[in-house]
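Student: I would like to go through this model and ask what backs each label.

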Amino acid sequence: MERIKIYPSVLSADFRCLAEQIRTVEDAGADGIHLDVMDGHFVPNITFGPVVIRWIRRLTRLSCWAHLMIMEPEKYIPAFHEIGMDGITVHPETGHDLSALSAQIQGLGMKAGLALNPETDASVIEPVLDRFERVLVMTVRPGFGGQAFMEDQVEKIRQLRRMTSSRAVPFEIDVDGGIDPGTAPVVVRAGASGLVAGSAIFSQPDPAKAMDAIRGAALGGSPS
Ligand code: DX5
Ligand code: ZN
């Protein structure tokens, strides 16, 4: 079993001291930075886009993935490439041709991920899963940090693990939403290999310690 990856989501960070917050999680062993891009249409919230993220990119050597919760991802993928994103995650719920999106992302030299809203069945993405490097199971309705973990999504993690079990290299299944030391072992036991966490890291008095707590708890769910 690979080491569980932890991706802090800066959605819950204190942007007054973002550089310090990112340095803290980088020093504490974060595996990448998760950037939630929201357009107020795909989700009922607006966050930040390439103008802001290009500066965040310069704050860290960690890999940076943009989680695009926007209606027209194809329009903005080139801009995210220009500012140095390592990977882009898109949603099937926008109705786009997923193979075309992965080709666009990978054609620019980035990695492609697919995120599933809670109401979307894993079977929807099964035919195109081979074209993506990662999948992201949403365990909250996308749009806001700090929401309660949706336990009913755990079965979807198991399904995706089964769907990808024949691969030579283990497929990365990430989980996003309500991840904390209590829920981390639950999703890892179900087959998750990466954890996105926002408020359980950045809304805590000591983000480094909070990240350690998630990692420690996740180990309890790892198969030995
Ligand atoms: C929600 C975002 C998440 C968010 C998670 O739409 O996709 O990445 O930052 O926040 P927490 O960890 O607080 O649930
Ligand atoms: Zn996210």
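Student: In which strand is Ala 115 found?

Tutor: This is a predicted model. Ala 115 belongs to strand E5, which covers residues 111-116.

Student: Why does Ala 115 count as buried?

Tutor: Its relative accessibility is 0%. Buried means under 20%, so Ala 115 counts as buried.

Student: Which residues does Ala 115 touch, leaving out those up to four places away in sequence?

Tutor: They are His 67, Thr 89, Val 90, His 91, Pro 92, Glu 93 and Leu 136. The cut-off for a contact is heavy atoms within 4.5 Å.

Student: How far apart are Ala 115 and Glu 126 in sequence and in space?

Tutor: They are 11 residues apart in sequence, and the C-alpha to C-alpha separation is 12 Å.

Student: How many cavities of 30 Å³ or more does the structure hold?

Tutor: It holds 1. The largest cavity has a volume of about 110 Å³. What makes it a cavity is that a 1.4 Å probe fits there but cannot get out.

Student: Which residues line the largest cavity?

Tutor: Among them are Thr 89 and Leu 136, both of which Ala 115 also touches. The lining also includes Gly 113 and Leu 114.

Student: Which strands each supply at least two residues of that lining?

Tutor: Strand E2 (33-38), E5 and strand E6 (134-138) do. E6 gives the largest share, 3 residues.

Student: What is the make-up of the lining by class?

Tutor: The lining of the largest cavity has 7 nonpolar, 3 polar and 2 charged residues.

Terms used. Residues numbered from 1 in each chain as written. Chains lettered and ligands numbered in written order. Predicted model: local features only at pLDDT ≥ 70, side-chain atom pairs only at ≥ 80, totals over all residues. Heavy atoms only, no water. Helix = DSSP H or I, 4+ residues; strand = E, 2+ residues; numbered from the N terminus. Buried < 20%, exposed > 50% of the residue type's maximum accessible area, 1.4 Å probe, protein only. 1 Å grid on protein atoms, 1.4 Å probe; cavity = no way out; pocket = protein on both sides within 12 Å on 5 of 7 lines; lining within 4 Å. Points joined across faces, edges and corners; volume = space filled by probe spheres on them. Nonpolar A, V, L, I, M, F, W, Y, C, P; charged D, E, K, R; others polar.
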